[in-house]
Amino acid sequence: MNRLKGKVAVITGGALGLGRATAIRMAEEGAAVAITDVLTKEANDLVDELLARDLQACSWVLDVSREDEVKRVLAEVAKRFGRIDILVNNAGVSGANKPTDQLTEAEWDHVQAINVKGVFFGVKHVIPHLRRAGGGSIINLSSIYGLVSAPDVPPYHASKGAVRMMTKTDALLYAKEKIRVNSIHPGFILTPMVEGFVRELGDEAANRVAIDALHPLGHIGEPDDIAWGCVYLASDEAKFVTGAELVIDGGYTAR
Ligand code: NAD
């Protein structure tokens, strides 16, 4: 309790999956959370759930691939809650699952616009707010696929590699201003994104077993496994941590 007391956190893609779990855990730890997403109803429902528990939350409709929207929503959050201390760049899509030689330019660009440019816009426009707060924490959702690869979803793997390196560059650029920037690298976590991916592959039950087996701990992860990592990186417990890769993957990349 109270690990984030007095802080204001913005979470992109906060309505479902990892963003939703992170919003809940951050609010429980005392943060005021701005839940931003393209899904209005789901974001509003989550806010209602948190307010009913006397936690602090508000929602905004935000497509992270739109720079004007990112800038405006961050300004509105700062106005509503008085400051911004934390940005979780979580919104992401898996995109087309085709080999590279069959991908269209539009399929490639769609994934980069959300997963890479969305992170760029988030960092660019949150920096003035974090400066005003005297420092802060930016958490970028990369993936195990920002560290190693797999023979599928080429635009996705490229995007997560980019996010890993953008994190380190920004960690160095803003360290003197006490703005920490770290990436999180989840293994497979059971969220709507992974449920959709498993469904697309066909035999759902067999694919779940195969995905479990990819992780030395023997099973897929759950959203809270990542949410607690976000809470840690956002909190003052991580005050000496910047440019780091927090791998939460059940041992996937240890092989
Ligand atoms: P998800 O699809 O379950 O949820 C993503 C959320 O982002 C949704 O609420 C969606 O509406 C929102 N979103 C999508 N496009 C958006 C846009 N343009 N602007 C704003 N919001 C948008 O995904 P998830 O599994 O919770 O993944 C969250 C992040 O973690 C992603 O960046 C993903 O790449 C990364 N990640 C997930 C896993 C996993 O196994 N689930 C593993 C590694 C990395």
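Entry 1, surface patch. I took patches as groups of residues with over 30% relative accessible area and no salt bridge, where like charges are joined within 9 Å and nonpolar side chains (Val, Leu, Ile, Met, Phe, Trp, Tyr) within 5 Å. Accessible areas come from the Shrake-Rupley method with a 1.4 Å probe, and for residues only the protein chains shown count as cover. I found Leu-16, Val-38 and Leu-39 making a nonpolar patch of about 220 Å². Leu-39 sits in the loop between strand S2 (32-37) and helix H2 (40-52); helices (H or I, at least four residues) and strands (E, at least two) are DSSP runs numbered from the N terminus.

The model is predicted, so local features need pLDDT of at least 70 and side-chain atom pairs count only at pLDDT 80 or more, while totals for chains, interfaces and linings use all residues. Residues are numbered from 1 along each chain as its sequence is written, and side-chain values use heavy atoms, with hydrogens and water left out.

I noted 9 helices and 7 strands in the protein chain. Of its 255 residues, 52% count as buried (buried is under 20% relative accessible area, exposed over 50%, partly exposed in between, with a 1.4 Å probe and protein chains only).

In H7 (residues 192-200) I listed Val-194, Gly-196, Phe-197 and Val-198 as buried. The buried residues of H7 pack against helix H8 (204-213), a contact being heavy atoms within 4.5 Å. After H7 comes Gly-202, with a positive phi near 105°.

The buried residues of H9 include Ile-226, Cys-230 and Leu-233. Among the elements covering the buried residues of H9 are helix H1 (17-28) and strand S5 (136-141).

I counted a salt bridge where a side-chain nitrogen of Lys or Arg lies within 4 Å of a carboxyl oxygen of Asp or Glu. The structure holds 17 of them. Arg-3 and Glu-237 pair at 2.7 Å, N to O. That pair links distant parts of the chain, 234 residues apart: Arg-3 in the segment before strand S1 (8-12) and Glu-237 in the loop between H9 and S7. Glu-49 bridges to Arg-20, with the closest N and O atoms 3.2 Å apart. Glu-49 lies in helix H2 and Arg-20 in helix H1, so this pair ties together parts 29 residues apart in sequence. I also found a network of salt bridges linking Arg-25, Glu-28, Arg-53 and Asp-224.
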